[in-house]
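I opened my notebook for a friendly look through this model. Here is what I looked up, entry by entry.

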Amino acid sequence: MSGMVTLKIGALVPLTPPGWVEAGRHLLAGLELAVREVNDAGGVGGDSLELVVRDTAADPRRAEAALDEFAGLGVAAVAGEYHSVVARAAATRADALGLPFLCSSAVLDALTERPTDHVARLPPPQSRGWRIYADFLLGAGHSRVAVAAAPSLYWESGTRVLRDRLATRGGTVVELDMSALAPAAVCDALVGNGATALLLLVGQPEPAVSMVTSVRRDRRLAGTLIGAPAGQPEFAAWETLLGAEGAAIPFLRYLPEHLTPLGVRVGAALRERLAGAPSFVAFEGYDTIAVLADVLRAHGADRAAFAEAWPRVAVDGTRGRIRFAREPGISVWQGTGTPVQVVDRDPAAPDRFRILRTG
């Protein structure tokens, strides 16, 4: 026992506003559950894992400061983060410091400006998921789509993906600048521009909740589809705040139609830990630690070894086999085969989800 070492894993999680706190809570639950299970099973080669958690509060500068702190603490690797713009700052800093960083949940394609071997990512890139979402819109007959977007690199990137994909089928995207429009004014703009769908590229809960309420209660917009590709309706707070008005709003999530046997077991444990249904973000947290523990078992805590380890990873995760590869236009080691779904909450039972498209 005297030779036992504690391997520290730095964890970046949004736990206070303006961060998406509910997403952060689910991400942390998955990370913590996996660490506990690794340690209960004897650790990594007899060494225990310890999470060193830092709250990013959706602030890129806090993430950068946390990376500097992690480097000083001697962490073996860094995990986590939900917000893409924050994850981008963290990934860039991790690359500069030579720190291994496995991004759990952020999808922005350009996670770093230059190719790096220090950073890998579990979820699919934004371009893949949002193209699938655009195909869903076209398949449902929506070729003129309005996006109500807050200023953000993430929303701008998503809008560009949607515009390019819709254009291949003669569709168009109308941009509504939410830094200048109130929710009620969005309704007037929708009536004026002839869009049949409105996508909420804005923060949660506000102004997203107010916008849903305004559109749902405007008789002029009775047939308008509301969409939220970034996943706002995934979490229980959405149903609590909106009830039936929050149903039938399609969004993206990264789950298979059926979880693996591991996923079923982990899902039950997460439900108990969260006192409610786990989101896909909680499974992403668990899978992150599963990958890092596997690499640490095989290669030890040598930071440089991670750069060579990513392409050799083959880990059973909660949603399927986890591997990493290089993909065109993606600067980090990219998780492959992650399932993508377009789902919504069932109007007949808003606590139940309907799968509308898979990809």
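Is alanine 275 buried or exposed? I found alanine 275 at 74% relative accessibility, so it counts as exposed (exposed is over 50% relative accessible area, buried under 20%, partly exposed in between, with a 1.4 Å probe and protein chains only).

A note on the source: this is a predicted model, where local features need pLDDT of at least 70, side-chain atom pairs count only at pLDDT 80 or more, and totals for chains, interfaces and linings use all residues. Residues are numbered from 1 along each chain as its sequence is written, and side-chain values use heavy atoms, with hydrogens and water left out.

**Entry: positive phi**
I stayed with alanine 275, which has a positive phi near 55° without being a glycine. Alanine 275 sits in the loop between H9 and H10 (helices are DSSP runs of H or I with at least four residues, strands runs of E with at least two, numbered from the N terminus). Alanine 57 is also not a glycine, yet has a positive phi of about 50°. I located alanine 57 in the loop between strand E2 (48-55) and helix H2 (60-73). At 6% relative accessibility, alanine 57 counts as buried.

**Entry: H9 and H10**
How do these helices cross? I read that the axes of H9 (residues 261-274) and H10 (residues 280-299) come within 10 Å and cross at roughly 115° (axes are lines fitted to C-alpha atoms, for helices over the stretch in contact, with angles from 0 to 180 degrees between N-to-C directions). H9 and H10 are therefore roughly perpendicular (65 to 115 degrees). On the H9 side, the residues that meet H10 include Leu262, Val266 and Leu270; Ala282, Phe283 and Tyr286 are their counterparts in H10.

**Entry: H6**
In H6 (residues 183-193), I noted Val186, Cys187, Leu190 and Asn193 as buried. They cover an arc of only 145° around the axis, which puts them on the same side of H6 (the arc is that of the directions from the axis to the C-beta atoms). Ala184 and Gly192 are exposed on the face turned away from that side. The buried residues pack against strands E6 (144-149), E7 (172-177) and E8 (197-201) and helix H7 (208-216) (contact means heavy atoms within 4.5 Å). Just after H6, glycine 194 has a positive phi of about 75°.

**Entry: cis prolines**
I checked the peptide bond from glutamate 206 to proline 207: it is cis, with omega near 5°. Proline 207 lies in the loop between E8 and H7. The bond from proline 17 to proline 18 is cis, with omega near 5°.

How values were computed: Angles under 35 degrees count as roughly parallel, over 145 as roughly antiparallel, 65 to 115 as roughly perpendicular and the rest as oblique.
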